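Open your viewer and get ready to click along.

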Amino acid sequence: MRTLLVSMFIVMGLICVKAESVFTLVCPDDVWVDCDEELWNLSIYGNAYYIDYTGTHSAGSPWTTWHLNSCNTGYIKRKWTVEDYQWNVHTCIQYIHVEGGAFTENNITWPWDIELEGCHTDYSPNNLPYGYDKPHYDYLECSNIGFNYEDDVFYFGGDCKKIRRQWTLIDWCTYDPNVWNSGGIWTHYQIIKVSNDVAPTLYCPSDIKVESNNCQDATVLVPPVTADNSQCGGSFTVVNNSPYAFENGPDASGKYPIGNHTVRFTIQYGCGTNTNCYVNIEVKDSKSPVAYCYASIAVALMPMDENNDGTPDDGMVQIWASDFDKDSYHPCGYGPLKFSFSPDVNDNSRTFTCDEVGKNELRMYVTDPYGNASYCVVEIDVQNNLPNIPDCEPFEPPVPTIEGRLALIDDTPMDDANIYFTMADADTVYSEDVIEVEYVETVVDSFVSPSGNVVYAFQM
């Protein structure tokens, strides 16, 4: 049954009726599908149909054209063409848009950061362990993955460097270089740290001793520290920590004050790895103190009653080396000074008994804080005075002795004479008769003086 539409119009007073047929071509809607969906049976995405006065009818098979790239993305064009009963051509088109884009950054496992140590380390991707070598990703249909990297190498001194490796991964099925922000491209930075862990062989100089003659310091020449890095290569740096060195490199020569100093040399290699060696420097004051001493001291024994019988039978006295000091000093003003009876500064006292009655020769040493010493030869006169200890050598006043030749003013020998002398510390006058002395004269020479006298030289 055909549906008729009646159109009425008036022509010269007449009413005319015209019948028109109804015809409508209906296309399926455009669709968007992923590239991995079914594309071999497009009818699942709809078919065209037409409606006329007899009802609804299939528009038949479409003319299909495929506009897909190598990634199987793009669009499919389906075109239907039908002709109505009045020979009018009707067309409609459906577009099936085939998209990729299922691949995202979540499908990528980027390489991890890594630290490498050793000699001549190869940090190219092919020589790194799995997981550190390159990006790994899921395989998805309709994706075409490619990646590349670029290294920026930063050197930090010694054999230490860090590589900032930029990975770029592209899905060519999604990325369009001519479309801003098209997606399908991702970047990631991998950090690779490379250091040498084999220390160079370090050669440090031996300990050094020098003398100062200015009471303050001395110039110390320290042989430079050297290192051998032939085993692993690479560079290194040697520094010292001496506050007195002219430079803080491998040469620690400088002006060092009097005293002991320890200089640490540090070789820096790899990424902040250090190896140390040490040199001891002793700057010794070469000036000795001036020993200014009393030449002699007299000291009396103190009585000792060892058997408790009320009678002293021994004597003892203790003296100190400092007792002989008469303002000893050091030219540099160092102090305090120590006084002793030997180079041992602890040997600073002596005890005398009856066995040492009389004069005893000693050395009094003066030592400065740096161990320099000088000494005086001194004398200690140990006396057994009152109470005159019986077991000691008795005290006897000194008896003056005069020796010489008695002669007149003209050198004529005197046969006998009386002589007198007085002690300087007493009023007592001592006298002694000289016994008769016989002189035997022997002529050993003679000559005639200008006055004509004969002069004889005698030997007695």
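Predicted model: local features only at pLDDT ≥ 70, side-chain atom pairs only at ≥ 80, totals over all residues.

**Stop 1**

As background, strands of a sheet pair through backbone hydrogen bonds, either parallel or antiparallel.

Now zoom in on strand 27 and strand 29 (residues 358–367). These two run antiparallel and are joined by three bridges. Which residue in strand 29 is the bridge partner of Ser340? Select Tyr365 to see that partner.

**Stop 1: the cores**

Next, select Ile319, Met364 and Ile380. These residues have the most contacts inside the largest nonpolar core, which has 22 residues. Strand 26 (314–320), strand 29 and strand 30 (373–383) each give two or more residues to this core. Strand 30 supplies the largest share, four residues.

Stay with Ile380 and show what surrounds this residue. Leaving out residues up to four places away in sequence, Ile380 touches several others, among them Ile297, Val299, Ile319, Phe324 and Phe352. For a second, separate core, select Val263, Phe265, Ile281 and Val283, which are included in its 20 residues.

**Stop 2: aromatic rings**

How many aromatic pairs does the structure hold? There are 13. Start with Tyr53 and Tyr85: this pair is tilted, 5.8 Å centre to centre, with 50° between the planes. Tyr53 lies in the loop between strands 5 and 6, and Tyr85 in the loop between strands 8 and 9, so the pair ties together parts that are 32 residues apart in sequence. Tyr53 is buried, with a relative accessible area of 13%, whereas Tyr85 is partly exposed at 46%.

Move on to Tyr244 and Tyr256, a tilted pair with 5.5 Å centre to centre and 55° between the planes. Is Tyr256 buried or exposed? Tyr256 is buried, at 0% relative accessibility, while Tyr244 is partly exposed at 33%.

**Stop 3: a cluster and a charge**

Select Phe103, Tyr137 and Trp186, which ring pairs link into a cluster. Finally, select Arg165 and Tyr149: Arg165 lies over the face of Tyr149, at 4.7 Å from the ring centre.

Definitions and conventions:
Residues numbered from 1 in each chain as written. Heavy atoms only, no water. Pairing = 2+ DSSP bridges. Core = buried A, V, L, I, M, F, W, Y, C linked by side-chain atoms within 4.5 Å. Buried < 20%, exposed > 50% of the residue type's maximum accessible area, 1.4 Å probe, protein only. Contact = heavy atoms within 4.5 Å. Phe/Tyr/Trp six-rings, centres within 6.5 Å; stacked < 30°, edge-to-face > 60°. Lys NZ or Arg CZ within 6 Å of the ring centre and 35° of its normal.
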